[in-house]
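Trainee: I am new to this structure and would be grateful for a close look at a single part of it.
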Amino acid sequence: MDDLIIAGRRFNSRLMVGTGKFSSNAAMVDAMEGSGCQIVTVALRRVDIDNPADSLLAHIDREKYLLLPNTSGARDAIEAVRLARLARAAGCEPWIKLEVTPDPYYLLPDPIETFKAAEILVKEGFIVLPYINADPVLAKRLQEIGTATVMPLGAPIGTNKGVRTRESIAIIIEQAIVPVVVDAGLGAPSHAAFAMEMGADAVLVNTALAVTPNPRGMAAAFKKGVEAGREAFLAGLGERRDRAEASSPLTGFLRD
Amino acid sequence: MSFLDEIGKYDPQQVLAAIEAKTASDVERALNAERLGAEELQALLSPAAAAFLEPMAARAHRVTLQRFGNNILLYAPLYVSNLCTNGCRYCGFAAGNKMPRRTLTLDEVEREAQVLHDQGFRHILLVTGEAQGKVTNDYLADCARRIRHLFSSISIEVWPMQTDGYRQMVEAGVDGLTIYQETYDRELYAEMHPYGNKRDYDFRLLTPERGGAAGIRRIGLGFLLGLGQFRVEAFFLGLHALHMSRHYWRTLVSVSFPRIRPADGGFAPLHPVSDRNFVQLICALRLLLPDAGLVLSTRESAVLRDNLLPLGITQMSAGSCTAPGGYAEKDDSGRQFAIDDDRTPEEVARVIRAHGYEAVWKDWDSAFLDKTVHA
């Protein structure tokens with residue numbers, strides 16, 4: 001089985017789904033079901049985490065999905081840590097998608113504060129999945145201190161532009177010792193397939209599913225994109241060449 | 001450089017002339033630009049853009065959907081005092097108006113807050129007039145602390161404070177500040193504010209920057225629609241929002257569109273803004289500021305509010321009462337102005353859902369600022 005393994009836990013889906021921006025909780029559930037995902041991330045700022053009757057939380061079947069709370073909205077390490085502890089105190093598993101995004105415009109992650117928060121949370125026993133810019137050195141530093149994954153962005157959140165950071169993501173994948181999850185910016189199944197073909201271990205998608213009139217259909221399409229990309233990666237893609245290769249080799253006259 | 005320096009570079013008359021001179025091709029160029037600047041904003045606010053309202057609305061819809069999804073955040077104002085020493089000519093709370101005046105006790109504030117909490121609200125806006133000496137920073141901080149356990153977000157729309165005052169508010173759990181310039185036109189501003197602390201145009205103009213310096217997370221800007229020429233006012237509002245987002249990049253800017261409503265004192269708008277102009281200005285600002293929260297209050301009619309939903313609005317008040325104590329006591333005799341959309345919060349939420357949006361009650365967590373929890 002080609003399972004995704006994070007912190008020793010096995011998942012047979014390599015597509016994670018975000019729960020923001022949907023037109024209704026029913027649309028969100030549709031997307032989750034269509035995607036075949038097993039990990040869903042929820043912004044702690046959007047829910048009453050200690051209230052099981054919270055209208056959004058009540059729609060997530062925790063038997064079926066791993067609820068991955070995220071700290072989006074946190075401006076610095078202290079705030080992110082406080083939110084993570086809040087989620088754990090409310091009975092969530094100690095998994096946390098660490099987002100420290102002091103810039104509310106492009107929601108780009110702060111590398112310094114993300115690193116500080118990751119250090120604290122890892123020491124406290126959290127399984128930390130940090131959202132980062134596609135910075136290979138930061139990815140290595142985070143792996144070193146024990147984060148469970150790294151989650152580099154393909155493009156700024158919500159832009160649907162695809163893997164614009166491909167050169168850096170390729171380096172992160174090449175050097176990774178933990179799963180690499182491409183997060184943010186994936187707007188089409190082909191983007192997800194592309195990330196998976198590159199060798200990403202998983203992808204996370206939200207906006208592309210939330211803003212379509214047919215979340216379930218789009219989620220199913222992403223599922224196929226992720227699976228196709230993964231299978232292509234495992235099968236081994238042909239090497240990409242800049243020009244055609246001569247069928248009559250230029251050095252063919254060298255007989256021995 | 002402060003926004004005072006920036007706005008000082010412009011002559012409002014020349015701005016108006018430049019806006020009026022924009023052509024259809026300027027508008028088309030602005031509509032196709034990936035990111036808009038001052039020139040493009042002028043084009044979208046111009047009379048020439050009136051012919052492009054539909055494509056502007058379509059793009060505003062797309063941009064908002066991409067950034068905010070199908071969500072509308074609901075909030076409620078909580079008026080804690082209507083005491084006021086200012087003489088704003090358009091406002092029901094103006095010192096010269098005879099009306100019942102009161103400042104709620106902390107118990108009364110909590111009672112009002114409980115009503116709103118029970119209706120489902122988790123985002124609250126504390127509102128007052130300006131009566132320093134009687135309604136103080138300490139009082140407002142006490143109000144915030146008193147109701148903090150009921151809400152995930154507390155904003156204020158009160159008198160302008162010094163930076164230290166805003167720091168005190170953040171400590172008390174306030175994460176949002178709304179402060180309208182009313183008009184960016186200095187002469188008109190002086191005319192509209194004949195007496196009181198509010199006469200100080202510069203101090204008010206720099207208020208958002210003091211809030212940003214104090215670390216307030218969300219700052220709402222706006223002008224009072226109906227005072228000045230809306231095209232010029234909206235242009236300066238757009239520049240103000242851009243200025244804030246560059247200089248206080250950790251603070252998210254939102255923009256409101258308060259149109260003058262009938263208030264005690266009988267003020268008539270100097271430059272009425274038609275529904276068509278209103279839509280144009282909302283779309284123009286959405287295209288300039290793709291990430292800004294756009295706020296619509298119950299000043300507008302139910303029909304208009306429902307129709308504006310897809311055009312870029314991201315936050316709405318509902319079931320509002322503009323008199324201190326009005327929620328628990330059902331008495332609005334001390335109100336600031338008459339609202340138009342008088343549907344209950346649940347009705348508004350239902351209509352939002354019927355339009356294909358999720359009515360969001362909570363989009364913030366007090367734990368971000370509360371240093372006492374999980375420290």
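Which residues have the most contacts inside the largest nonpolar core, and how many residues does that core have?

Mentor: This is a predicted model, in which local features need pLDDT of at least 70, side-chain atom pairs count only at pLDDT 80 or more, and totals for chains, interfaces and linings use all residues. Residues are numbered from 1 along each chain as its sequence is written, while chains are lettered from A and ligands numbered from 1 in the order in which they are written.

The largest nonpolar core has 110 residues, and Leu74(B), Ile124(B) and Leu126(B) are those with the most contacts inside it. A nonpolar core is a set of buried Ala, Val, Leu, Ile, Met, Phe, Trp, Tyr and Cys residues joined through C-beta atoms within 7 Å. A residue is buried if 20 or more other C-beta atoms lie within 10 Å of its own, with C-beta atoms placed from the backbone. Helix α12 (residues 230–247) of chain B supplies the largest share of this core, ten residues; helices are DSSP runs (H or I, at least four residues), numbered from the N terminus.

Leaving aside its neighbours within four places in sequence, Leu74(B) is in contact (C-beta atoms, placed from the backbone, within 7 Å) with Phe121(B), Met316(B), Ala318(B), Pro345(B), Val348(B), Ala349(B), Ala359(B), Val360(B) and Trp361(B). A second, separate core of 84 residues includes Leu83(A), Ala139(A), Ala200(A) and Leu369(B).

Between the chains, 24 residues of chain B are in contact with 27 residues of chain A. On the chain B side, helix α5 (residues 53–68) gives the largest share, four residues.

Terms used:
Two residues are in contact if their C-beta atoms, placed from the backbone, lie within 7 Å. Helices (H or I, at least four residues) and strands (E, at least two) are DSSP runs, numbered from the N terminus. A residue is buried if 20 or more other C-beta atoms lie within 10 Å of its own, exposed if 12 or fewer, and partly exposed in between; C-beta atoms are placed from the backbone.
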